[in-house]
Amino acid sequence: MATTHELSETHYFETNPPPSTLPEHTALANSFIKLHHSASRPVVLLTSGGTTVPLENQTVRFIDNFSAGTRGATSAEYFLSQGYAVVFLHRQFSLLPFSRHYSHSTNCFLDFLSEWGRIGEDDEGGKDGEQAATPDVVVKARYRQQMLSVLRKYRKAKEQNLLLLLPFTTVTSYLFTLKMLACQMQCLGNEALFYLAAAVSDFFVPPSRMAEHKIQSGDIPSTDGDGSTGGGKKLVVDLDPVPKFLKRLVEQWAPRAMIVSFKLETDPSMLLSKCRQSLDRYSHHLVIGNLLSTRKREVVFVDRKGLEWIRTPELRDGEEEVEIESLIVPAVIRKHQELLQRQRSGDTNRH
């Protein structure tokens, strides 16, 4: 007999339309995963960015999640540097690996460029001060080494087909694609790693209750606080909970993969209890907890063995800030390798 979770999952996927991109993404994922499986290369499915909840079928208004995709995009680069192939399931227009360094929200790439041969430029020009006959676009000298390093890493990932970018927008498109990828990655067995850094909506509007067109303010009743007419307009949205699919990753979608999920909180007193609750509820191998206010400086690893805090070092004068993902990713990979070793030795305990 089907469980409540199974019925909920079946109902969700039967009553919500799949994204139009699903067949294309399935073909791309199949080819990518087969390529790296044949090369015996570990593959990480890394989710990044927030999901939207449309309020209309022809969407103008939607509910969004707080996430620019910084952790996911940064982590992807460190996984690539450690020899993993990366399926990057990301919110459309969120930060991407490598280009994140020159995003409009951090460093506009135009600030790194100048015209070679332009009069008055203090660090441009040809060799030995030679001026260009025709002005051209160049990278300013003080940024060239950094940009060259990023460019080389990007080109390596692209030329060796180590990075597959698959975008999503809505929570429904995310879940359809996540399920598809998990099933595609079953052939990898325990070489597959799931690093679920996306901020996934907990609620959604079922298609049967969704407005077809843009919700007009004139269609919203005006009410006073006591329910009588004549007061301010209020839009009341009736949301259903998104079925909890994280446990399904363990039980059916990716039963042999290592699964790492994230837990973001704002109240320090709740962080550890919420992480342990997620660990028990979803049976993942590792939950990484972080607080909104300190997420770039410290996280906590919570698994069956206990907990471990990971923090960036205190900066001294002149030192560059350490990206905490440079500490998180190697620690996750160590746990993945330990799991592989235990499974090779016959210990099939997931934790």
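Biologist: What is the lining of the second largest pocket like by class, in nonpolar, polar and charged residues?

Modeller: In this predicted model, that lining has 10 nonpolar residues, 6 polar ones and 1 charged residue.

Biologist: Thanks! What volume does the second largest pocket have?

Modeller: Its volume is about 300 Å³.

Biologist: And which residues lie nearest its centre?

Modeller: Those are Pro-17, Pro-54, Thr-170, Thr-172 and Met-210, out of 17 residues that line the second largest pocket.

Biologist: Which element gives the largest share of that lining?

Modeller: Helix H5 does, with 3 residues. H5 spans 171-184, and both this helix and strand S2 (53-54) supply at least two lining residues each.

Biologist: Let's switch to rings. How many aromatic pairs are there?

Modeller: The count comes to 14. Take Phe-13 and Phe-245 as one of them: the ring centres are 5.3 Å apart and the planes meet at 35°, so this pair is tilted.

Biologist: Where in the chain do those two sit?

Modeller: Phe-13 belongs to helix H1 (residues 4-15), while Phe-245 is in the loop between strand S12 (240-241) and helix H6 (246-253). They are 232 residues apart, so the pair links distant parts of the chain.

Biologist: Are they buried or exposed?

Modeller: Phe-13 and Phe-245 are both buried. Phe-245 also pairs with Trp-253, with ring centres 5.7 Å apart. Their planes are at 25°, which is under the 30 degrees cut-off, so that pair is stacked. Trp-253 is buried, like Phe-245.

Biologist: Which residues make up the cluster that ring pairs link?

Modeller: Tyr-12, Phe-13, Phe-176, Phe-204, Phe-245 and Trp-253.

Biologist: What lies over the face of Phe-13?

Modeller: Lys-179 does, at 4.5 Å from the ring centre.

Biologist: New topic: backbone angles. What is phi of Phe-93 near?

Modeller: Phi of Phe-93 is near 75°, which is a positive value in a residue other than glycine. For Phe-98, phi is near 75° too.

Biologist: Where is Phe-93 placed?

Modeller: Phe-93 is in the loop between strand S4 (85-91) and strand S5 (113-116). The loop between S4 and S5 holds Phe-98 as well.

Biologist: Is Phe-93 buried or exposed?

Modeller: Phe-93 has 75% relative accessibility, so it counts as exposed.

Biologist: And Phe-98, buried or exposed?

Modeller: Phe-98 counts as buried, because its relative accessibility is 5%. The cut-off for buried is under 20%.

Technical notes
Residues numbered from 1 in each chain as written. Predicted model: local features only at pLDDT ≥ 70, side-chain atom pairs only at ≥ 80, totals over all residues. Heavy atoms only, no water. 1 Å grid on protein atoms, 1.4 Å probe; cavity = no way out; pocket = protein on both sides within 12 Å on 5 of 7 lines; lining within 4 Å. Points joined across faces, edges and corners; volume = space filled by probe spheres on them. Helix = DSSP H or I, 4+ residues; strand = E, 2+ residues; numbered from the N terminus. Nonpolar A, V, L, I, M, F, W, Y, C, P; charged D, E, K, R; others polar. Phe/Tyr/Trp six-rings, centres within 6.5 Å; stacked < 30°, edge-to-face > 60°. Buried < 20%, exposed > 50% of the residue type's maximum accessible area, 1.4 Å probe, protein only. Lys NZ or Arg CZ within 6 Å of the ring centre and 35° of its normal.
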